[in-house]
Amino acid sequence: MFCDSCGAPNRDEGRFCRACGAGLAASGREPLETHSAPTREATPVPEGVCTALGDGYEVLRPLGQGGMGTVYLAREIALDRLVAVKVLRSELAGDDRNVQRFLREARVAAKLRHPGIVSIHAVGSRDGCHFFTMDFLEGHTLDAWTRMESPGSGRVEPGRARSILVDVA
């Protein structure tokens, strides 16, 4: 099986491309919920995020939220490319320990080079808003994939989990 995104060869039973991480098509499988290129019906983005990023980015929509921040899809205007922007939650930005932890996450990720890890492009701070930009990869949310893989239980069998880890490691 060859990846539709990058053309790399993959095992027929693989779900994700070993080279670029894109989801692999397979007959008989339901399509997964994906993070894909933006549409113009974007979810509103808080004005403070757009202001903090300055004129270099057009923030399009939120992609997801975690314990430390929210990730947005944005267009890096100068290079005309889509990027993901992680923004530290405002309620955490007042504590220097949280800011340092957030910046450490960006620095550590920026030192890693692996096909399964996104590259960090830039780190910034403006008006108390801390952010970093990274590669945007179209693909499936882990939650959507887990629901499709194990309807009802949301649990992936250990053998299946092991084979996936071999693909991404």
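Entry 1, confidence. I looked up pLDDT, the predictor's confidence in each residue, from 0 to 100. The mean for the protein is 78, and 70% of its residues reach 70 or more. By element, I found the lowest mean, 50, in strand β1 (residues 34-35), and the highest, 95, in helix α2 (residues 96-111). Helices (H or I, at least four residues) and strands (E, at least two) are DSSP runs, numbered from the N terminus. Residues 27-34 have pLDDT below 50, and the model gives this stretch 17 contacts beyond near neighbours in sequence; contact means heavy atoms within 4.5 Å. Residues 36-43 stay under 50 as well, with 18 contacts beyond four places in sequence.

I number residues from 1 along each chain as its sequence is written, and side-chain values use heavy atoms, with hydrogens and water left out. As this is a predicted model, local features need pLDDT of at least 70 and side-chain atom pairs count only at pLDDT 80 or more, while totals for chains, interfaces and linings use all residues.

I located Lys86 in strand β4 (residues 81-88). Is Lys86 buried or exposed? Lys86 counts as buried because its relative accessibility is 14%; the cut-offs are under 20% relative accessible area for buried, over 50% for exposed, and partly exposed in between (1.4 Å probe, protein chains only). Its side chain makes a polar contact of 2.8 Å with that of Glu105. A polar contact is a pair of N or O atoms within 3.5 Å; within protein, one must be able to donate a hydrogen and the other to accept it, and residues adjacent in sequence count only if both atoms are side-chain atoms. Leaving out residues up to four places away in sequence, I list among the residues that Lys86 touches Thr70, Phe102, His130 and Met134.

In α3 (residues 142-149) I found Ala144, Trp145 and Thr146 buried. The buried residues of α3 pack against α4 (158-168).
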